[in-house]
Amino acid sequence: MAELADALDLGSSEETRGGSSPPFRTFLTNQFRNNVEEKLNTEIQHINESERKINIEMPQEETQKYFEEVLKKEAKKLTIPGFRKGKAPLSLVKKMYGDALFYDNLDKIAQNKFWDEMDIQGIEVLGVPKLTDLDLKEDGGLKFEIQFEVYPEIKIDNLEEIEVEKVEYEASEKFVENMVEFVRFELRTEEPADKIDSMEYIVTLEKTDIDVNESKTPEKIPVYLKNSSVNPEFVNLLMNKNLNDEFETSIPLAIKKEETENDENQTSTSRYRIVEIKKITLPEANDELAVNYSKGKISTLEELKKALVDAELSYYEKQETDQLRNAIRDAMIKKFSFTPPPTLVERYASLMEKELKKKYKINELPMNILSEVKRISEDNVKWDFIRNELKKKFNLSLTEEEIDAYAQKISEKNNLEKEKVLNYLYSDKSGLLNELEEDKLFDFILSKIKVIPKKVTI
């Protein structure tokens, strides 16, 4: 050490060995000592981005030093004749139980050394470290291995390389016609009838499934014959039928959206009875329709069409915003892929399992569902780390000015006191600030990545 001190111009060997050295010299000396000890006695292996393994060798002197610390704690738990519990001299405890306590607490010695090592190296540990190997050497030293988890380091760069597809909707003429027909149907007039002789009817049926449960109360089903989801073959059966007529058929009432291989074998016969017939009359599609439907707010049919389409497209666009954010999330998880900390994944999966069991009132989840829960949990933990790294790297957390402006906007829109709005925003119940910060995050991402538009006509 004296040679090192001379080389670094830290003063004489006497100053280095004893007395007080200048702080900077002491710092360098300690750093050298720590580095030498780390190279000689510890080795950290990177299993993946979130998991590490450390091998530590402790000489006999250091092992005994750590044992003395454990012994002090264990002595407080012992009752020795002639002394109150935990009050016996440490030397007596060591003489009577030293060997047994030493061997029983080797794992604690290793754990204490581990945590001290983490403090020295400035490593933040996640979860509970696992002691995977422990060996007491012949010379009284201790050698052990501990596996532990850390916060993964994620490098966020080249966002412009990410591509996502964004659907942009436009309304077809048929879609507009359907919207107008919906309005006409809403403003229909009805009158009772005894016979079905056209498509302009709403028919209420009582349905009973034969050979399923004859005692079951019949299901009442209103059917508008012009509804596009009603099976045309079933409508043909109803033509020229009268009130209270009964019939049996295996023709399904509704058009099947999806067919399966076993559909042919799953057909069943049902009994129907016509319990009500209503003749309907639809108003003309003109400006008067627009005035009546909007209660005077819209004066022309063209304005009504535009309002209906805008409202519907707004709904589709809201759905697409959610889909786009999911696509961005998936693309970023794929690009910045890493192994998430298993402890956090298990914790997330455990919460999901608990919620699913409660929701569906079951004790165990099927294996395919458990597999999906694990996948979703891994992705959610990955996204949490990526999102936090984005916020930190690009300073995307909400500022006080942004929160204040948001509160001002809400107070003006709802005629509320701004101070009350701010109190609510900062409360645990709100969640609005989380949404606002999420909007800020995705707006930033969208400004960096490549968004490919895809036109879809509805």
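Let me begin with a definition: axes here are lines fitted to C-alpha atoms, for helices over the stretch in contact, and angles run from 0 to 180 degrees between N-to-C directions. The model I am presenting is predicted.

Two packed helices are described by the angle between their axes and the distance between the axes. In this model, the axis of helix α10, residues 301-335, comes within 10 Å of the axis of helix α12, residues 367-394, and the two cross at roughly 90°. Angles of 65 to 115 degrees count as roughly perpendicular, and therefore α10 is roughly perpendicular to α12.

Which residues of α10 meet α12? They are R329, M332 and I333. On the side of α12, their partners are D379, N380, K382, W383, I386 and L390.

I now move to the strands, with β2, residues 51-58, as the point of reference. Is strand β2 mostly covered or mostly uncovered? Strand β2 is mostly covered, with 7 of its 8 residues buried.

Strand β2 pairs with β1, residues 42-46, in the antiparallel sense, over 5 bridges. A hairpin of 4 residues connects β1 to β2, and within this pairing T42 lies opposite I56 of β2.

Strand β2 is also joined to β4, residues 142-150, by 8 bridges, and these two strands likewise run antiparallel. Here, M58 stands opposite L142 of β4.

To close, β2 has antiparallel pairings with both β1 and β4, while α10 and α12 cross at roughly 90°.

Notes: Residues numbered from 1 in each chain as written. Predicted model: local features only at pLDDT ≥ 70, side-chain atom pairs only at ≥ 80, totals over all residues. Heavy atoms only, no water. Parallel < 35°, antiparallel > 145°, perpendicular 65-115°, else oblique. Contact = heavy atoms within 4.5 Å. Buried < 20%, exposed > 50% of the residue type's maximum accessible area, 1.4 Å probe, protein only. Pairing = 2+ DSSP bridges.
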